[in-house]
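Please consult the sequence and the structure shown below.

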Amino acid sequence: MAMFRLQGSKVLAVEMTGDAVKAKNGAMVAYDGQMAFKKMSGGGEGIRGMVTRRLTGESMEVMEVKGHGTCYFADRASEINLVRLNGEKLYVEASNLLATDPGLRTGTTFTGLRGASQGNGLFTTTVEGVGQAAITSDGPAIVLRVSAGMPLQVDPGAYVAHTGNLQQHFQTGISWRTVMGEGSGESFQIRFEGEGLVYVQPSERNTIGGQL
């Protein structure tokens with residue numbers, strides 16, 4: 001099985017002994033040993049996955065890397081976070097998914113207005129199974145726990161990913177004070193309820209909500 005480890009905080013090293021991993025297209029920065037690279041359409045889920053992503057607007061350019069040795073991945077000097085899954089599902093923005101090991105499956109799920117507020121479309125990427133995934137963040141990500149009776153509000157531009165049994169509610173704080181420039185500036189928020197973990201980056205991407 002491929003072994004994921006961090007080389008510093010911005011480079012992912014994957015040790016392979018004949019394994020194949022999926023990674024963001026163009027994310028390889030170096031490798032030793034013998035490696036083969038193949039671009040995959042639609043995130044490696046075949047024709048169905050390719051069509052789904054075209055319809056949903058969830059862009060995901062993926063390559064398969066297979067071989068013996070160590071391959072190093074990075075994405076614009078972003079911070080990298082390793083997430084170990086034991087049968088649960090990871091929800092992550094496609095732009096923040098760097099690599100997954102062979103034991104994980106990717107797909108898409110409906111996010112509704114949350115995705116629209118981020119400018120990422122109405123769907124987001126899912127990763128599930130047993131294995132490790134590497135996700136990126138603009139700055140060191142913080143992992144916030146959501147528990148029963150303790151909901152969490154997150155700015156859409158700072159959201160990266162989440163796991164667990166969480167329900168999402170898109171809420172708006174738009175009022176006349178906001179329109180007149182006297183509000184908090186946080187017009188849109190995602191409210192998470194239930195039990196799980198939410199990954200948040202310390203930098204807000206440009207979103208529709210952030211422009212209001």
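## Salt bridges

A salt bridge is a side-chain nitrogen of Lys or Arg within 4 Å of a carboxyl oxygen of Asp or Glu. The model is predicted, so local features need pLDDT of at least 70 and side-chain atom pairs count only at pLDDT 80 or more, while totals for chains, interfaces and linings use all residues. Residues are numbered from 1 along each chain as its sequence is written, and side-chain values use heavy atoms, with hydrogens and water left out.

One of the salt bridges joins the side chains of Arg5 and Glu15, at 2.7 Å from N to O. Arg5 lies in strand β1 (residues 3-6) and Glu15 in strand β2 (residues 12-24), so this bridge ties together parts that are 10 residues apart in sequence. Strands (E, at least two residues) and helices (H or I, at least four) are DSSP runs, numbered from the N terminus. Arg5 is partly exposed, with a relative accessible area of 31%, and Glu15 is partly exposed at 33%. Here buried means under 20% relative accessible area, exposed over 50%, and partly exposed in between (1.4 Å probe, protein chains only).

Asp75 is buried at 10% relative accessible area, and Lys24 is buried at 18%.

In a further salt bridge, the closest N and O atoms of Glu193 and Arg191 are 2.7 Å apart. Glu193 is partly exposed at 28%, as is Arg191 at 25%. Salt bridges that share partners join Lys24, Asp75 and Arg76 into one network.

## Aromatic pairs

A search of the whole structure finds two aromatic pairs. In one of them, the ring centres of Tyr159 and Phe192 are 5.9 Å apart and the planes meet at 20°, so the pair is stacked. Rings of Phe, Tyr and Trp (its six-membered ring) pair if their centres lie within 6.5 Å; planes under 30 degrees apart count as stacked, over 60 as edge-to-face and the rest as tilted.

Tyr159 belongs to strand β11 (residues 159-172) and Phe192 to strand β12 (residues 188-200), 33 residues apart. Tyr159 is buried at 0% relative accessibility, and Phe192 is buried at 0%.
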